[in-house]
Amino acid sequence: MSGIRPTGYLHLGNYFGAIRNYIKMQENYECFFMVADLHSLTTHPDTKELKQNVHRVLAENIACGLDPEKAALYCQSHIHEISELYMYLNMLAYKGELEKTATFKDKVRQHPQNVNAGLLTYPVLMATDILVHRAKYVPVGKDQEQHLEMTRNFAQRFNYRYGDVFPEPVAFNFGEDLVKIPGLDGSGKMSKSENSMATLYLADDDESIRKKIKKAKTDAGPMEPNTPKPDYIENIFLLMKLVSPADVIEKFENDYATANIRYGDMKAQLAEDMVTFIAPIRQKTKDIMQNESYLKQVMEQGAEKARKSAAATLLQVRQSMGLQYY
Ligand code: TRP
């Protein structure tokens, strides 16, 4: 089970850090992939663009290879069982631990004028998303590890108090596949919201892709053979390894090792290979977004699968809690 907030455009970091993992996972597991629209309300109370953003995130994931026939692909707000379980779990979550959560402290700093209760209990809602399916594996990055640990705590507390209902979920990835995609400016990583020139979005047109890569940080090149690569050069090689053919990578590795590299050429080559990678995803996303009846069908189909799984859990939850009076 995993969730994606419908805030902003997906980028290369989302693709290689998360989506590629989902696509592989759907082949071997019963998967639930959810658009976390309720979560987005904790920081984005203005819902003018919500529908568009939900459609986009669904379309982008499908364009990348997520298959609504294989996995359950659904919206959080369509599953009322989530809201119900969220309330029960809220009674097992303590103010102190919620206030200590790193993401909460970050958001308080970023939006001091909107420190709402939903923001405080964000980890409870995320725990609910996972526990409502009694999911065991959660494909997420490092930034979600604390939330996952809290999920295990809530599960333990529930089980201890009311009886064994929930397994304890763990982070999941396919071995080496979880790469962190660096920003093009040589600092930090690609981001949905910050520094759009350093981030390659799946929606970028060919010219933007070329422009951004052209501007990526380089230097005059190594002065002598076998110089270690500075971080920002390592980053360009890393991007190349994701999208370029093996012989191209080998050529530039050789050029670097022999101190003959021309970064202008390397970036031009990377830009073309990146365009070849991103353009079909962008086009497919556009086609899907224009097909509202298909998106509706995907959401209905996904919600049906998710509801079935969630309803079975809630039945057990209410029984264990003693919320059944006849
Ligand atoms: N909190 C996650 C993020 O910010 C999104 C999310 C919501 C999620 N519910 C989830 C991730 C359940 C994994 C499982 O990226």
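The legends below walk through several close-up views of a predicted model. Residues are numbered from 1 along each chain as its sequence is written, and side-chain values use heavy atoms, with hydrogens and water left out. Because this is a predicted model, local features need pLDDT of at least 70 and side-chain atom pairs count only at pLDDT 80 or more, while totals for chains, interfaces and linings use all residues.

View 1. A side-chain N or O atom of Arg5 sits 3.0 Å from an oxygen atom of the ligand. Tyr122 brings a side-chain N or O atom to 2.7 Å from a ligand nitrogen, and a polar side-chain atom of Asp129 is 2.7 Å from a nitrogen atom of the ligand. The ligand taken alone exposes 360 Å², and the protein buries 92% of that; such areas come from the Shrake-Rupley method with a 1.4 Å probe. Helices (H or I, at least four residues) and strands (E, at least two) are DSSP runs, numbered from the N terminus.

View 2. Look next at Ile82, a residue of helix 4 (residues 80-90). Ile82 counts as buried because its relative accessibility is 0%; buried means under 20% relative accessible area, exposed over 50%, and partly exposed in between (1.4 Å probe, protein chains only). Setting aside neighbours within four places in sequence, Ile82 is in contact with Met34, Gln76, Leu125, Thr128, Asp129 and Val132, where contact means heavy atoms within 4.5 Å. Ser187 is 105 residues from Ile82 along the chain, and their C-alpha atoms are separated by 38 Å.

View 3. Side chains of opposite charge can pair when their charged atoms come close. Here the side chains of Glu60 and Arg56 meet in a salt bridge (3.8 Å, N to O); the term stands for a side-chain nitrogen of Lys or Arg within 4 Å of a carboxyl oxygen of Asp or Glu. Glu60 and Arg56 are separated by about one helical turn because they are four residues apart in helix 3 (residues 50-64). Glu60 is buried at 1% relative accessible area, and Arg56 is buried at 15%.

**View 4. Other salt bridges.** A search of the whole structure finds 19 salt bridges. In one of them, Glu145 and Arg152 meet at 3.4 Å, N to O; Glu145 is partly exposed at 32% relative accessibility, whereas Arg152 is buried at 18%. Lys212 and Asp204 pair at 2.8 Å, N to O, with Lys212 buried at 6% and Asp204 buried at 10%. Glu27, Asp67 and Lys70 are linked in a network of salt bridges.

**View 5. A nonpolar patch on the surface.** Finally, Tyr29, Tyr137 and Val170 form a nonpolar patch with about 230 Å² of accessible area together. Patches are made of residues with over 30% relative accessible area and no salt bridge, with nonpolar side chains (Val, Leu, Ile, Met, Phe, Trp, Tyr) joined within 5 Å and like charges within 9 Å. Tyr137 lies in strand 4 (residues 137-138) and counts as partly exposed at 34% relative accessibility.

Key. A polar contact is a pair of N or O atoms within 3.5 Å; within protein, one must be able to donate a hydrogen and the other to accept it, and residues adjacent in sequence count only if both atoms are side-chain atoms.
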